[in-house]
Amino acid sequence: MDSGECSNSTPSSSSPPAAGVWARLVPADSAYPEVAVAEDDAVVCSLVAPAAGGEELAWCEIRRGGDASSATIRNLSSDAIIVDGRVIQQEVVDIKPGSEIVPGPQKEGHLAYTFDVTAAKDHNENNVKIVLDIDNAKCSICLNLWHDVVTVAPCFHNFCAISWKNHFLHNIEEAILKAFSSLQRSDEEIALLESYASVKSNIVLGNQKNQSRKRPLPRPSDESNDAELPCPQCGTEFAGFRCNPGAAHLQCNGCGGMMPARPSTSIQQKCLGCDGAFCGAYWYSQGVNSRHRGLICNPETFRMISQHHISRLPDTLHGGNPVEKDITERCIQQSGKTLQAVISEWIAKFDNKELDRSRLQLNNVDAVTSRTYLCNHCYNKFVDFLLYWFRVSTPRNLLPPDAASRDNCWYGFMCRTQHHRPDHARKLNHVCRPTRTSPNLPDLLLRPVLQQ
């Protein structure tokens, strides 16, 4: 057997895949079968000296990542392996479909494999390809996986509801629950969700020209009840307040529901970063939840910066450059701190006005503090801003070796090539100031990293 062959990799007919198989290693030599990776058996072994009994030695461990199309690999052998051209010793690295894995320190004499995810794909009866994307299969209101999905037009957002089922989305919901059983709700939680469901129609349509995409106030009718009033406080007093007839209301940018406009109250109703209205904090302060009215945001969608918690890097970090995102993640790991601890440390620097705020892509930047209320979208922008300064202030000798040797791109974070040329994104550092730009570039983009 050639060095680097996996267990059960002798040329033969392929055996049926094991239960729980979610990925595979496809050999470069088609004479050898694929190697299945199962949920309950993540360790891949090699055979050594088969003529002497075929001792199995652990080669690597492959685990599913945070989404359906990502994974991590850890070298378990006594020698180095190669992953996507990088020599890996004992560390854990990310892999994705298409990653090349060589079970040795050089390609010569070893059988190369290509990583592929099999459980992330499924097809319906009409052979329509379905990708099980958990992040895009969550209700915009409760932030959990859909339960009896409804789609609202013209925005086509998807929400939990019982009265009408979108069967295509329902099939995706069931496929995700089958692949990720940990997301399954209990019978009690499902019964509670069904008791909350109050959507009377699956689609809200209108025929008027230039119709606003915002949901209009419902028209009064002879059979009107509390559920048809603009907001819960129009029909019932909560926290000592009840809306006057004709009172002004704000429409929530998150759920589309209504809340009374109360600029004199101390309760925040608008995100300072985008000036959009969000109802989660207001209704939480009034003691109103989804049992009183279906369209109400989760309080976690709109909180003070200091109350937000983060456990993973935003996908938009460093302009969506995955190479720089990976380097930042490794810098945080090398620091020995959690992501939340790093963010908290840089929030303190932000409050102390140690940072130049010109790159913060939010409204009212001079008024933002750790006690400012931001929606989740604006909070991700804020985290992106903080981690930019975290990276540019990290000494070169503390960067991972493959990042420390790179030169800065002339166009820095404004480089457009980094988004469509992976080789350019890997070769040059883009978490830096532009040094060659259009003469019309504002001077504020060229300011020093930290204010003195």
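Biologist: How many helices and strands does the protein have?

Modeller: The secondary structure comes to nine helices and 20 strands. Keep in mind that this is a predicted model. Of its 452 residues, 41% count as buried.

Biologist: Is helix 7 mostly covered or mostly exposed?

Modeller: Buried means under 20% relative accessible area. By that cut-off, twelve of the 17 residues in helix 7 are buried, so the helix is mostly covered. Among them are Cys 378, Asp 384, Tyr 388 and Arg 391.

Biologist: At what angle do the axes of helix 6 and helix 7 cross?

Modeller: The two axes come within 10 Å and cross at roughly 85 degrees. Angles of 65 to 115 degrees count as roughly perpendicular, so helix 6 is roughly perpendicular to helix 7.

Biologist: What classes of residue make up the contact of helix 6 with helix 7?

Modeller: The contact has 14 nonpolar residues, with no polar and no charged ones. On the helix 6 side they include Leu 339, Trp 346 and Phe 350, and on the helix 7 side Tyr 379, Phe 382 and Trp 389.

Methods:
Residues numbered from 1 in each chain as written. Predicted model: local features only at pLDDT ≥ 70, side-chain atom pairs only at ≥ 80, totals over all residues. Heavy atoms only, no water. Buried < 20%, exposed > 50% of the residue type's maximum accessible area, 1.4 Å probe, protein only. Helix = DSSP H or I, 4+ residues; strand = E, 2+ residues; numbered from the N terminus. Axes fitted to C-alpha atoms, helices over the stretch in contact; angles between N-to-C directions. Parallel < 35°, antiparallel > 145°, perpendicular 65-115°, else oblique. Contact = heavy atoms within 4.5 Å. Nonpolar A, V, L, I, M, F, W, Y, C, P; charged D, E, K, R; others polar.
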